[in-house]
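Dear colleague,

Please find below the structure I am handing over to you. My notes on what was found in it follow directly after.

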Amino acid sequence: MSNWQELDYRYIMKTINRIPVTIVRGEGTRVWDDDGGEYLDFVAGIAVNSLGHCHPAVVAAIREQAGTLIQASGWYHTVPQVKLAQLLVENSCLDKVFFCNSGAEANEGAIKLARRYGHLKLNGAQEIIATQDSFHGRTLVTTAATGQEKMRKPYTPLPAGFRHVPFGDAEALKAATTADICAVLVEPVQGEGGVNVPDDSYFSTIRAWCSEKGLLLILDEVQTGIGRLGELFGYQIWGIEPDIMTLAKGLGGGVPIGAVLAKEHADVFALGEHGSTFGGNPLTTAAAHAVIKYILDNDVVANARRMGEHLVAELGKLKRKHSRITDIRGRGLLIAIGLDSDASMEIVTACLERGLLVNPVKPNAVRFMPPLTVTEDEIDEALAIVDEALATLTTE
Ligand code: PLP
């Protein structure tokens, strides 16, 4: 164990089982450890480094903004925030933006917005239907919204107001709808839940249901947004429009930023009803603006779509070769392989030893989420390592 890892265990709360590598530098799809070891990074900060590590456009924007204005607070107009909001609104179906600092905070804001909407327009309806196996964040309210018992249990009593139905089951969602419901909260593809993709008709059915009942459809695009699924936003795959959408992760390309976007009719916060000291700060919004502008100007989303297809096709070849792979699931560059046993950590370790970072999203599933700028050669190099790692598996 390196000295840094020893110090980490001495001084930092152990809330996650860290992979034993100390990353000190990154460039593009590669990172280096404190021993000079090089790795292909197919985790990308958990679907965050959309343009890879230290992309020149993002680095330049951060450097420029750091020397100009870092923080001013929500009391003042600032230029990078306005420019980013304009870019997001002009390239999405939403009309207004509120900036914050993380995915959990974005969902927290979306839930508050839905409750204000319920008070004002739905006779006080306050409850939200969410889905089993979902993940919406680590604050108390987003933990309550999350449909995974192991995350909820340590923190009871949780805030009330959430009902969970199976993901992908529109009929269950309809059956759970009562006069107390103000909104439906769902991910386009469940990321932390194991990379779960619903049937093609799911989103059009629940969109129509929400419209019929006057409920808000909130899409948590914290993981799927900003090109990750091979469209700029996940909702575009299903041909629907949410009333509220949350973003974070890939939006800042590595800097901590979140956003709540709403259609005009759902933009019901009154003055003083929501806020954030750091949210929309000039440094993070300048970085995010550089990320989105680069993605749009260079059609990085098309690359994500093409590379996602290549990744799935090559994983298909590995599946034919290794019977341990049970399925390949996901969209764009959010892809997982299912395994016939709880061997994901073994694969992650074997890949690490061979110079590849991948993520054990479930005990029996390995997730791949490289930068949206990943190349075909990098995918081939990564999968040659996965091929070797699968061959080393010992567990039944
Ligand atoms: N929502 C989704 C769909 C996520 O995948 C995550 C994080 O993995 C979150 C919310 C929480 O985001 P953060 O960790 O930035 O609070």
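N123 is exposed, at a relative accessible area of 83% (exposed means over 50%, buried under 20%, and partly exposed in between, with a 1.4 Å probe and protein chains only). Its phi is near 55°, a positive value in a residue other than glycine. N123 sits in the loop between α5 (103-121) and β5 (127-131); helices (H or I, at least four residues) and strands (E, at least two) are DSSP runs, numbered from the N terminus.

This is a predicted model, in which local features need pLDDT of at least 70 and side-chain atom pairs count only at pLDDT 80 or more, while totals for chains, interfaces and linings use all residues. Residues are numbered from 1 along each chain as its sequence is written, and side-chain values use heavy atoms, with hydrogens and water left out.

I46, also not a glycine, has a positive phi of about 60°. I46 belongs to helix α2 (residues 44-47) and is partly exposed, at 29% relative accessibility.

A cis peptide bond, with omega about 0°, links T156 and P157. P157 falls in the loop between α7 (149-152) and β6 (162-165).

In strand β8 (residues 216-220), five of five residues are buried. L216, I218 and D220 lie on one face, L217 and L219 on the other. Strand β7 (residues 181-186) pairs with β8 in the parallel sense over four bridges, where pairing requires at least two DSSP bridges between two strands. V184 stands opposite L217. Three bridges join β8 to the parallel strand β9 (residues 244-247), in which T246 is the bridge partner of D220.

Yours sincerely
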